[in-house]
Every structure is written in C-alpha cells, then in structure tokens.
Amino acid sequence: MDNVLLIDFGSTYTKVTAVDINSERILGTARACTTSKTDINEGLNNALADLEGNIGKIEYNSKFACSSAAGGLKMVVIGIVPELTVEAAKLTALSAGAKVIGVYSYELTDDEANEIANLKPDIVLLTGGTDGGNKNIILHNAEILASIESDFPVVVAGNKSVASKVAEILKSAGKEVRVCQNVMPEFNKLNIEPARQTIRDIFLQRIIRAKGLTKVQNIIEGILMPTPSAVLKAVQILSTGYGTEKGLGDLMAIDVGGATTDVYSISDGLPSRSGVIIKGLPEPFAKRTVEGDLGVRYSADFIVEEAGVKMVCQASGLTLEEVQSYLNKIRSNPGILPNDDNKIGMLDLGLAKIVVKEAVKRHTGVIETSYTPMGKIFIQKGKDLTGIRKVIGTGGPVINSLYPGEIMKGVLFDEREPEILRPINADFFIDRKYILSAMGLLSEKYPEIAVRIMKRELEMV
Amino acid sequence: MKSKTLVMGVIGADIHSVGNKILEYALKQAGFNVVNLGVMVSQEEYIKAAIETDADAILVSSLYGHAEIDCRGLREKCDEAGLEKVSLYIGGNLVVGKQPFKEVEEKFKKMGFCRVCPPGTPPEVAIRDLKKDLGAE
C-alpha cells in the first residue's frame, strides 16, 4: 500500500489526514491541539494517536506538512503608490499565504522604521517603481530598512534599474536579500509569481527554523508551505483540473475561522456584460484576501460592534440577553464547541452569516454607474464574480454548523447592494472532512489524485 | 538616449477612445515609453501613474468640450505630489463652440500646460514638439 500522511500545523489545531494513493481514498482524519509553545511534536503525536485509534496503525511512504502555527508567515510590504505597487506587493504576499501585518507607501519615515522593527516581520517585501520608472523612493526605503536593527530577510521586487543597488544597500547592513523580478514591471501589469516563489523559498529555508518547527523536519519530508497557500493551491487545481482529470471551472472558497476569514476566487473576473470600463489594477486569476477583523470567536465583539447587536440577534435567532450572555461565554473560553450548548451553535451561525457576507463583499469587485455627456457608462473595479456557480465552504464554523447552507447564502448577490458583483446563483459545497489544505499539499506530488479526491469528498448542500 | 516616458489618457467623463489608441501607437513607434491610461481618466490617475513610472510628461486628451473644468488644478496637484518637473500637454476639442484658438491656447497655458494642440493636429507634429521639448534628440 502507498500511504501518504498530510499534516496541517494550525494556530489552534494540528490536523492530520491519511490518504491511500492506490485506491485514492481518505483513510481517516484526526486533530489535536497545536503545541507550538513547547514541542510541536507533542500535538502531532496526539493527533496521530487519535488517527491510529480510528484506522489502526499503518506505515506512511511519505509525510508532508503545511503550517500556520506560531503566528503564520508575517510580512510587511512596501511600495510607492497605494493603488499601484503597494497593492501589487500586498496581492503577492497574500497569494504566498502570508499574513500582511504592515503596509507602507512612498518614502518611509523614521517613525515607520520603528514601527516595522516592533512588528517583527518574518519577511519584508520591498517594491516600488515600474522597470525604468521611479528609482529614488525604493533607494530611500532600502536605506531606511538597512537602518533597522532587527534581522529579517528582504525580498526586493521593484524597479529593475536599481535592484542591484538596493540589494547592495541592504546587504552592507547585514540583511539577507533576495532579488527577483518586479511585481509591476510595466504600469498596471502584475507579475506576482517570481516574488511569490521567492517568499516560499525563504519560508522553507529560514522561517521554519526560526519558529522552532525544525524538530518535525526530521520525521517528515518537510513543511512545504504556509497553510493558506496550500488551500489556494487546492482550490486552484480543483478549478483548473490536472492532466486528464477535469476541473470544476471558476469557483470561490471561503474559510471562516475564529479570528480571521479567508476568501479565495479562481476566475479572471472580467465584466459579464458589454460596455463596461475596467479601472484599477488587473486582478490575479487566483486571488486570496484575508480579513483580520472577521471571525466568530476572537473577533466576535468587533462584529457585534460593527454590525449592531440587533443584526446579530436577527441572524442567530437569539434574544438580546442571550447574545450578550453567550458573547461573555465565548470571550472567556474561545475554544468552546457548539456540541456543549446548542445556543453557542446559534450564535456561531449568526456571526458566521455576517462574517461571510462582509468578507465576500470586501473580496468582490464593484460596478458603478456614471452619467457622461455620451450617456450611461459602467465602471468596474475588482472582480466580477456574478458568473461563479460553485462555492466551497470550509473552516470550523461552517463545517460544524447544522445549517452550513444558511451561512453560505451570504456569498450570493444581494439586491440591496446591487453594485457588489457577488455570484448570482451558486451551488454550495462543504469541506466536511477538512481536507482542503491537505489536498493542496497532496497536489504537489499527486495533482490528479488530489483533484479526484476533492471532487468526491466535497459535499453539496 | 534614454527613452522618455509619457503618461497619456482621455480626461474626465470622456470616452472617445479611437484617437487615444492611434496616438498611443504613433508615440510608441516614435520610440517613447508610453503609459496609456485609456478613457475616463481622473487627475489623480495621471498623477499616480506618473509617480510610479517616473514620467517626463503627461499628455491630456479631451474631445467633448469640458477640458477646462476637468483640468482645473492639475498643474497645482502635480506640484503638490512632487511632479514639478513633469510637463503637461493637452490637445483635442477643448472648448464648446467657436472660440478663436489663440484664446483657448492662452487659457490652457495659464493653467500650466506647456503646449496646447488644436483639433486636427497630426501625431507627427506632436512627436516633433515632444522630442524637442524633452531633449529626446
């Protein structure tokens, strides 16, 4: 038998998935609390023991892992104009599976340098200027970065005319530097792949070690990528297919968590009607956004504050007093699960509905009507996702909900917000066994099998 | 010679795109590095593009007669954004009705444009003037 073990070191749980490559089946899944503060192997062994209890002891030919433990991959991105190179840098970091903890534009100030030092990023992405374009700002920013004492690697992906000069400035200050192609070689042209790849290389070689995750390196082939990057990979390959195995076509996925919510769209997002003028940066075909303020546990108070407690009552079906008292409960114990108390499940449902609606709204493009002397004109910014027919839901609050379909409805077009180009009509699929990140890992070596397993395992609701 | 970078586009709510495409083609053929923003371009878009690409000049087109109101304050905003050295050019049907071109030219030069091209200016003339002004030859 050819068995593969896939491991996801999450911030809360370490999840393991065993796959039989020959029969293309999932043998079993299990999870245990992540132990990144002590020895990360502890949590992994607990999860493996649980798995063994379910499916018996088996041998694995290979083991792969992804990780978002110990804070994930934290990045600071720097560019010139917020809507141009800064945005391109942000898109690059997000597609590499990073958590963007700082975004800076134009010339960095000394105060901002202090801020970056305090943020302690794992990697800094320095961009600015199209090839042959602005040189001064990226040179200035390299000097400022060089003056920061903390030890972070810098990926330089800006104006090629000064790239080596920028690298020199940083190297002479003792920084580890990688130079790659510009994220915006020409005005409004995205080129995120080379920088994304470089970020991943650094993650493999350096970040794993820095986070004390090397202990597990001995027993597995390696931690291949940050978890969000594995999910993006899975969703992308499910959409496009591989080899003889056809994909599902354009799709979206939403991953609701306790603190953050990720939205993925695999689609060119071009206008679905004629006579539309597109403004702004072109959108990546495989796009990931992450909302750091939208989650059902750690971000619950913020959501209640923003959406209003009335809205939460309406979405959850709880009374005002119940919402208040259960908010207190999850505040004191964010790990509490709905099976302990049905009303926790109701509050999770209410919050998840609001979270999904808002996260998708921020991910999706908008269309505006403009009246000109020549008549009515439509202007589109961002992706038109009205034609998406398949949406995948994952993350504890969706998977464990009794009404995942209710939560997923928030993805759809809302006539009260007709300018938001959400999918008009879509089928919902639930990642019941929590396998998306595992399938992203599996697709590194067995892409066709990963596609087939996902097509079989994702459950339509 | 280092090729000069031009940012061009049709300003305001104007969607005349044919001339815009022709001019882009002609300028590229003449050896310029052209950043074409297309139609319905706001003042801010010209400025942001010019910063990122380190442009030498901004070329504004307007065909629908509202150029004066669309261009108001563009020079000042460029200066504010650190683009003092970027020259501004404009051409097209800049005003409504039959005003003598001399007056139109005066008006736009006062607004900070270094050259004002009347309707029907052939691309060769614009290219010749740009090369001379930007020292590209």
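Which residue of β18(A) is the bridge partner of A:Ile277? The bridge partner of A:Ile277 in that strand is A:Ile379.

## Basis of the model

This is a predicted model, in which local features need pLDDT of at least 70 and side-chain atom pairs count only at pLDDT 80 or more, while totals for chains, interfaces and linings use all residues. Residues are numbered from 1 along each chain as its sequence is written, and chains are lettered from A and ligands numbered from 1 in the order in which they are written.

The predictor gives the complex an ipTM of 0.84 and a pTM of 0.89. For chain B the mean pLDDT (the predictor's confidence in each residue, from 0 to 100) is 94, with 99% of its residues at 70 or more.

## A sheet in chain A

Strands β15(A) and β18(A), the latter spanning residues 375-381, run parallel and are joined by four bridges.

## Where chain B touches chain A

Contact, defined by C-beta atoms, placed from the backbone, that lie within 7 Å, links 13 residues of chain B with 19 residues of chain A. On the chain B side, β2 (33-36) and α2 (43-53) of chain B are the elements that give two or more residues, and α2(B) gives the most, with five residues; helices here are DSSP runs of H or I, at least four residues.

Key. Two strands pair if DSSP finds at least two bridges between them. Two residues are in contact if their C-beta atoms, placed from the backbone, lie within 7 Å.
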